[in-house]
Amino acid sequence: MLTNYEKLFAHLPMPEPPEDLLNKVMNRIYLERRLWTLKWRLPSFAIGFIGSIMAAVPAFQVVHSALAESGFAQFLSLIFSDPREVLAYWDSFIIMLLESLPAISIVVFLVTIFAMLESLKYAVRDFRVVLSPLKTN
Amino acid sequence: MADYSDEQLIKDYLEGNKQTLEVLIGRYLKPIYGFVYRYLGDAHNAEDVTQDVFVKIWRNLKKFDRDKNFKTWIFTIAKNTCLDFLKKKRTVVFSEYETEDGENYLADNIADLSPLPPEILERTDIAQMLSAVMQKLSPEHRVVLFLHYNDHLTFREIAEALEEPIHTVKSRHRRALIMLRKLLDT
């Protein structure tokens, strides 16, 4: 019984999709990906970039004032004012310089710079996705 | 890449190989287009809805459970997309042989499903006749017949794709054949 019906349906032609349908589907997907990037990723990374710049400014100010308070600049200037003494006691001089560095403030500042650069990198990459041409073949 | 299984193509795509998506879509473009065309009944809408289907497949590819059958998963998406399209168009889809309560006087009045007489298969206009007759069936009945006889899905796969119990699918298949037989005889 069922063999009869299988033979029957074998006569029914399979609808052929239009030749350019695959291209249209892929273009739709590229478009969707671009829209999603425009809607979510690009603003997120742009906000991250702006936010990290805003954080970098006070972080730099903190580093600057911490360096001034720690006497690091004065110690460093000994290289120019008293180079012979510095060379004679170079190991103690280095330790003294390192101890006077405001390490935490510098680390915080570098983190904000890193975040800024990473946000910029991803924002540029997503911008390229948005601007990339559609497939035309 | 043409030899890769569906699961391998999906895995490669999710790992960053964007080219595999086009291979995967190309593999299922004709069956899905055929399904949508037959469900909706016209070529223009079939093209748009087919695009919608593949966009949905792409969007949900990360959520696809790779222990499940990819083919039945995409046919499920295709069916749901067709239904959403018909709902948006507010198309009341019915068979002229069914009442609002789902009673089908054509199928209900035939007790038995007998084989097709050979002369039907020998008709020169069999393809046109069959196409015309299939349009008279409701989409639910059409879909079961097309999926089983044209796309060669088993009843279990059809049940998974349509998200219905297997006995419902089998029952619908039988009623569809009965109606088809009656329409071909007239």
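A salt bridge is a side-chain nitrogen of Lys or Arg within 4 Å of a carboxyl oxygen of Asp or Glu.

**Basis of the report**

This is a predicted model, in which local features need pLDDT of at least 70, side-chain atom pairs count only at pLDDT 80 or more, and totals for chains, interfaces and linings use all residues. Residues are numbered from 1 along each chain as its sequence is written, chains are lettered from A and ligands numbered from 1 in the order in which they are written, and side-chain values use heavy atoms, with hydrogens and water left out.

**Salt bridges**

Over all chains, the structure holds 11 salt bridges. One of them links B:Asp6 with B:Arg27, whose closest N and O atoms are 2.7 Å apart. B:Asp6 lies in helix H1 of chain B and B:Arg27 in helix H2 of chain B, so the pair ties together parts that are 21 residues apart in sequence. Helices are DSSP runs (H or I, at least four residues), numbered from the N terminus. B:Asp6 is buried, at 11% relative accessible area, while B:Arg27 is partly exposed, at 29%. Here buried means under 20% relative accessible area, exposed over 50%, and partly exposed in between (1.4 Å probe, protein chains only).

Another salt bridge pairs B:Lys30 with A:Glu16, with the closest N and O atoms 2.5 Å apart. B:Lys30 belongs to helix H2 of chain B and A:Glu16 to the loop between helix H1 (2-10) and H2 of chain A, so the pair joins two chains. A:Glu16 is exposed, with a relative accessible area of 53%.

**Helix H1 of chain B**

Within helix H1 (residues 6-14) of chain B, the residues B:Asp6, B:Leu9, B:Ile10, B:Asp12 and B:Tyr13 are buried. They lie on the same side of H1(B), because they cover an arc of only 165° around the axis, taken from the directions from the helix axis to the C-beta atoms. These buried residues pack against helix H2 (19-40), helix H3 (43-60) and helix H4 (70-88) of chain B.

**Nonpolar core**

The largest nonpolar core has 45 residues, and B:Ile32, B:Phe35, B:Val36 and B:Phe70 have the most contacts inside it. Such a core is a set of buried Ala, Val, Leu, Ile, Met, Phe, Trp, Tyr and Cys residues joined through side-chain atoms within 4.5 Å. H2(B) gives the most to this core, with 11 residues. Domain 1 (6-88) and domain 2 (105-185) of chain B both contribute residues, so the core lies between them; the domain bounds come from an automatic or database domain assignment.

Notes:
Contact means heavy atoms within 4.5 Å.
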